[in-house]
Each structure stands twice: as structure tokens, then as C-alpha cells.
Amino acid sequence: ATATNRAGSEPCWSYTERMAQSTIASKIDDLERVYRMPDGDEIKAYLAAHPGVVDFLLEARPHIELQFGPKVVVELRFPRSYMGDREGDLLAQIQFHGDADEEHERFDRLWDEWLGEASGRPESFPLYIGIDFVEEPVE
């Protein structure tokens, strides 16, 4: 339980709680630099509620870049059925325009070299990483 100030209206966060909130906010800022977030505020609120997913996404980025290149665009978004449920799923969609067979091979390598094992860790849930085939090149 969080204590409140003398007026009883605002929470009084412990130093540890304030540092944890500051750290997660900083990590979310880092994610915003390397992932596209079309629904930025909603996604940031979701990520703040799932600090393990934040760490997982930070860990995932170099593995994704290794297979798809350093300029790969990965978009964080909610499934079409998302109704504001902060316990629902989050998608990390690797944007791709080109040869589908080549991209499936890249994704298979990502799976074999990191994602297959990593996706079994508790902090990976409720995140799903996949490929999103787009008609126009993404920058």
C-alpha cells in the first residue's frame, strides 16, 4: 500500500518506488527512439504497467537488427480487438516490403538464435513479435 501525504490526497512514494518509476520512464523513452509507436500515449501507459516487457523489447532490438538490418522499422501496436485492456496483448511488428520468403528466413533465424527461447520467459508475455508485410517501403 502506498502512503499518502498529510493532506491525504496525493501518494507519498518511497525513494525506491520513485527510482523505479524514473527508471521505467527512462527505458520507455529509450524504446521510443528505436520502435515506432503510433498510439504513443496508450502504448507508453501499457508499457509502464509491464516493466518486464520494456526490458524484453530493449533486449530484442539488437537481435532484430542482426537479422533485419539496423534501419528496420518495428512498430508497437495493439491488436485490432484492443479495447483499452492493459492486461491484453501488445504486438511488435517488424515492417517489411519485399521478398516474403527472404523475410520468413530472417524471422526463422531470429527465432532459432534468440526469440524461440526468449519468448518462453515470463517477461515476454503478453508481447508477440511478428512480421508485417507492407506495400510501400518503410522508413
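Trainee: With which residue does Asp55 form a salt bridge?

Mentor: In this predicted model, local features need pLDDT of at least 70, side-chain atom pairs count only at pLDDT 80 or more, and totals for chains, interfaces and linings use all residues. Residues are numbered from 1 along each chain as its sequence is written, and side-chain values use heavy atoms, with hydrogens and water left out. A salt bridge means that a side-chain nitrogen of Lys or Arg lies within 4 Å of a carboxyl oxygen of Asp or Glu. For Asp55, the closest N and O atoms are 2.7 Å apart, and the partner is Lys27.

Trainee: How many residues apart in sequence are the parts that this pair ties together?

Mentor: Helices (H or I, at least four residues) and strands (E, at least two) are DSSP runs, numbered from the N terminus. Asp55 belongs to helix H3 (residues 51-68) and Lys27 to helix H1 (residues 15-34), so the parts tied together are separated in sequence by 28 residues.

Trainee: Is Glu75, the salt-bridge partner of Arg77, buried or exposed?

Mentor: The closest N and O atoms of Arg77 and Glu75 are 2.7 Å apart. Buried means under 20% relative accessible area, exposed over 50%, and partly exposed in between (1.4 Å probe, protein chains only). Arg77, at 21% relative accessibility, counts as partly exposed, whereas Glu75, at 12%, counts as buried.

Trainee: Which strand holds Asp132, which forms a salt bridge with Arg77?

Mentor: The closest N and O atoms of Asp132 and Arg77 are 3.1 Å apart. This pair links distant parts of the chain, 55 residues apart, with Arg77 in strand S3 (residues 74-77) and Asp132 in strand S5 (residues 127-133).
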